[in-house]
Amino acid sequence: MDWSPTLDTASGPVYEGIVEALERDIASGRLHRGQRLPTHRALASALGVDLTTVTRAYNEARRRGLTEARVGQGTFVAESRVRPSGHAAAGIAIDLSMNLPPSPIEADIEGRIMRGLVALQRDHGFSELLSYQQAGGSTVDRGIAADWLRRRVRNAEAGRLVISPGTQSALMALLVSLTRAGDVVLTDRLTYPGFKSAAASLGVRLVGVALDAEGMDPAALAEACRAHAPKAVYLLPTIHNPTTQTIGSQRREELAAAIRRHDLILIEDDAYGSFEPKAQPIATLIPERSYLAMTLSKCMAPGLRVAYVQAPDRAAASVLANALRTVSQMPVPLMVALVSRWMADGSADAIMSAIAAEAAARQKLAAKALSGHSHLAHPKGHHVWLHLPSSWTRAEFAAHVQRQGLAVVTSDSFSVDGEPEHAIRIALGAARNRSELVAALDVLVVALKSPAYASRIV
C-alpha cells in the first residue's frame, strides 16, 4: 500500500514530523518490516512539500535505523533498528559470538525509550533518578517487578527481591556474600563464562557435574557433594548456555530434592526463562535455599543493565544488597524507572513478544541451514550448539570462519573441567537482519563441508 504520514504541524520542522510519523506507524503496525515506502518525489508531491524536505527525512530515518535503502529498488522499512556494532574485532563483518537478543523493528525499543524518558521527565523529573539510591532498588520498583514476575515465578515477592545492574554484578555479589577463596561451587561441565570469570577472580573453585539427556544427573550431584563438600550449585536449567537444554519438571524436582538433602545453596541463572514461561524455576521448589537471578538482557536489551534476584528471605536479600553496594554501588535508577514503567504499561510484554517472535524466525532459518549437521537448539532461543566434524579442530574452525568475517565461540570458553565437547556456539541475535544471518550461516555450512586441510593451503 502507499504510505501517507499524518503530520503534527504544531511544532518542529516538517522533516522531523515525517520521521516521527514513520516511527509511530511502525510501532502501531500500520507499517511493517520490509514494506516499500513511497519515492522521495511521490511523498513530496502527496504532502505538498519540497523534495529536499523528504530527502532529509528519509536520511534521518535511515540514520535512526528505521529504514534501509536498497540500490535500484527504493527505501524500505527496516527489519531491525540494530546498526553496526563497535565491539566487533577488526575484520569481523558478522559477530556470531555475542549472545544478544535480536532487535526487531516491531519491538520499537528506541522509540519506547525516547517516549518513556519524556514521560518520566514530565511526570517525575530526573533529579532523584540522577542521584544515589538504595543498593537493591526502591520499594516501589521492587513491588512493580514482583507483580510482573509473579505471572511466571509464582512466589515472586518484593521483600525478597534485589535489583541489580545486570546478572554479572549479581553473580559476583552472590559469590562475595556466600563463598570464600578455596570454596567449591558445583556447576554443569559446560557453563556460562561470566560465572567462571567471577569465580576465578575470587579464588572459588568450580567443579563440573556430569549430566545425561535430562540435565544434571542427581546421582552425580550427590557424589560430587560427598567428594568436594561444596558451598553451592550454579544451574541454568532453562535454555542452557551453551547447550540450549531445558530441564523437564521431573528432573527439576529430583535436583531440588538432592540440593535440599545435601544442604546446598542454589544459584539459579534464569537469563532465558522468559522464553519458556511454563518452566517453573527450580528455585520455586526450594525457595528457602535459593537465589534466582532474572535479567532483562536476553529478553529486552543488555544495555538496560537491569536484573532481579530473589533471595531466600528478607535478611538474605539485605545481605545481597550490601554485597551489591560493594560490587557496583546500585542499579542505574533511570533505567530501572524506565523498565518499571514498561512493566506497568504493557511495553515490556510487547517488547518481549516481538523479540521472541524474531528469535523463533531466526531459529527456523538456522534449522534449515544446518539441516544434516549435528546441532542442538531451542525454538525461541538466541543460540545454537553446533557439533563440529572430526576433520576440524575447534581452534582451526573458529580461525577459518574468522577469516571469512565471522566470529564464533568454541566450547573451550564454557568448559569447567578442561574436557569440552567438540562444538561451537552460534549466536543468532547479533546479525542485523535475517538476510545477514542467512549469509553468515551459508559461510558456516560451506566451512563444515570443507576439509580442514584446505584451510591450511598457502
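**Exercise 1. Arginine 252**

Task: Find which backbone oxygen the side chain of arginine 252 reaches, then describe the surroundings of arginine 252.

Solution: 
- Step 1. The side chain of arginine 252 comes to 2.7 Å from the backbone oxygen of isoleucine 247. The model is a predicted one.
- Step 2. Arginine 252 sits in helix α9, which spans residues 249–261.
- Step 3. Check accessibility. Arginine 252 has 3% relative accessibility; buried means under 20%, so arginine 252 is buried.
- Step 4. Compare sequence and space. Isoleucine 286 is 34 residues from arginine 252 in sequence, and their C-alpha atoms are 10 Å apart.

**Exercise 2. Histidine 383**

Task: Decide whether histidine 383 is buried or exposed, and name the side chain it contacts.

Solution: 
- Step 1. Histidine 383 lies in strand β14, residues 383–387.
- Step 2. Its relative accessibility is 1%, so histidine 383 counts as buried.
- Step 3. The side chains of histidine 383 and asparagine 99 make a polar contact of 3.2 Å.

**Exercise 3. Salt bridges**

Task: How many salt bridges does the whole structure hold? Work through three of them, with the accessibility of each partner.

Solution: 
- Step 1. Side chains of opposite charge can pair when their charged atoms come close.
- Step 2. Take the total. The search finds 28 salt bridges in the whole structure.
- Step 3. Aspartate 25 pairs with arginine 30; their closest N and O atoms are 2.9 Å apart. Aspartate 25 is buried at 11% relative accessibility. Arginine 30 is partly exposed at 33%.
- Step 4. Arginine 150 pairs with aspartate 147, with the closest N and O atoms at 3.0 Å. Arginine 150 is partly exposed at 35%. Aspartate 147 is partly exposed too, at 49%.
- Step 5. Arginine 226 pairs with glutamate 223 at 3.1 Å between the closest N and O atoms. Both belong to helix α8, residues 218–228; they are 3 residues apart, so about one helical turn separates them. Arginine 226 is exposed at 58%. Glutamate 223 is partly exposed at 44%.

How values were computed:
Residues numbered from 1 in each chain as written. Predicted model: local features only at pLDDT ≥ 70, side-chain atom pairs only at ≥ 80, totals over all residues. Heavy atoms only, no water. Helix = DSSP H or I, 4+ residues; strand = E, 2+ residues; numbered from the N terminus. Buried < 20%, exposed > 50% of the residue type's maximum accessible area, 1.4 Å probe, protein only. Polar contact = N/O pair within 3.5 Å; in protein donor to acceptor, adjacent residues only side chain to side chain. Salt bridge = Lys/Arg side-chain N within 4 Å of Asp/Glu carboxyl O.
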